[in-house]
Amino acid sequence: MTAAGRQRRETVRMQAAELFEQNIKPLEVARRLRVSRKSAYRWHQLWRDGGVQALASRGPSGGRCRLSPRCLEKLAVYLEQGPAAHGWVEDQVWTAARVATLIGRKFHVTYSVSGATRLMHRLGFSPQVPARRVAERDEQAVIAWKEATWAEVKEPGRPAEATSASRTRQVSPGGRPKDAPGAAAAALRR
């Protein structure tokens, strides 16, 4: 969450504290501030136990970045250089897995693939997913197959009149075939 977003949320909590000081119930606070009842009750408990200070923002949540600001700058430079400059010559695509590997090689810090993705977004990059295609792929043959064979092979879709938007009723236990799943349990309940 951005600093501005944290500030907005803290402002709402401080408004709630003012209302609590006027002996307004959490349910009414939730209605007035357009927040969930659960949040209002939680804030009320925090306010009762620790006062207004208990509702103050505690800063950004989550763990701290394991790379220093200087290392983040270096990483951005490495990403700008492209994957080929760091040993991935088969394509010019930064995947999250490659970035995690690069971070491990250059900074001796382990990042998960999802952590590398978040770090890339923070730096203004987005991971790319390479298209997996065979090097010998014949595009003309693929197009010809799609036009000629695929039209014959694929099953036709369901006609529009075959669908229904009405409610359905459960079949009564007596109407089930004896070998249907759950029929034995239904027979015991009778």
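Let me start with a question: does F107 count as buried or exposed? It counts as buried, at 13% relative accessibility. And just so we're clear, this is a predicted model.

So who is F107 with? The whole structure has three aromatic pairs, and one of them is Y78 with F107, a tilted pair at 6.0 Å centre to centre and 40 degrees between the planes. That pair links distant parts of the chain, with Y78 in helix α4 and F107 in helix α5, 29 residues apart. Y78 is buried too, though at 19% relative accessible area; the cut-off for buried is under 20%. Y78 also has K106 lying over its face, at 5.0 Å from the ring centre.

Another of the pairs is W88 with W94, and that one is edge-to-face: 5.7 Å between centres, 70 degrees between planes. Both tryptophans are buried, W88 at 12% and W94 at 8%. And while we're on rings, the charged end of R66 sits over Y111, 4.5 Å from the ring centre.

Nonpolar side chains tend to be buried together in soluble globular proteins. Here the largest nonpolar core has 18 residues, and L67, L75 and I103 have the most contacts inside it. Two or more residues each come from α4 (69-81), α5 (96-107) and α6 (113-122), with α5 giving the most, five residues. What does L75 touch, leaving aside neighbours within four places in sequence? L67, L102, I103, F107, L119 and L123, so there's our F107 again, as a contact of L75. Apart from that core lies another one, of ten residues, including A16, I24, W43 and L55.

Last stop, back on helix α4, where we find E80. E80 is exposed, with a relative accessible area of 61%. In sequence E80 and F125 are 45 residues apart, and in space they're 9.4 Å apart, C-alpha to C-alpha.

Methods. Residues numbered from 1 in each chain as written. Predicted model: local features only at pLDDT ≥ 70, side-chain atom pairs only at ≥ 80, totals over all residues. Heavy atoms only, no water. Core = buried A, V, L, I, M, F, W, Y, C linked by side-chain atoms within 4.5 Å. Buried < 20%, exposed > 50% of the residue type's maximum accessible area, 1.4 Å probe, protein only. Helix = DSSP H or I, 4+ residues; strand = E, 2+ residues; numbered from the N terminus. Contact = heavy atoms within 4.5 Å. Phe/Tyr/Trp six-rings, centres within 6.5 Å; stacked < 30°, edge-to-face > 60°. Lys NZ or Arg CZ within 6 Å of the ring centre and 35° of its normal.
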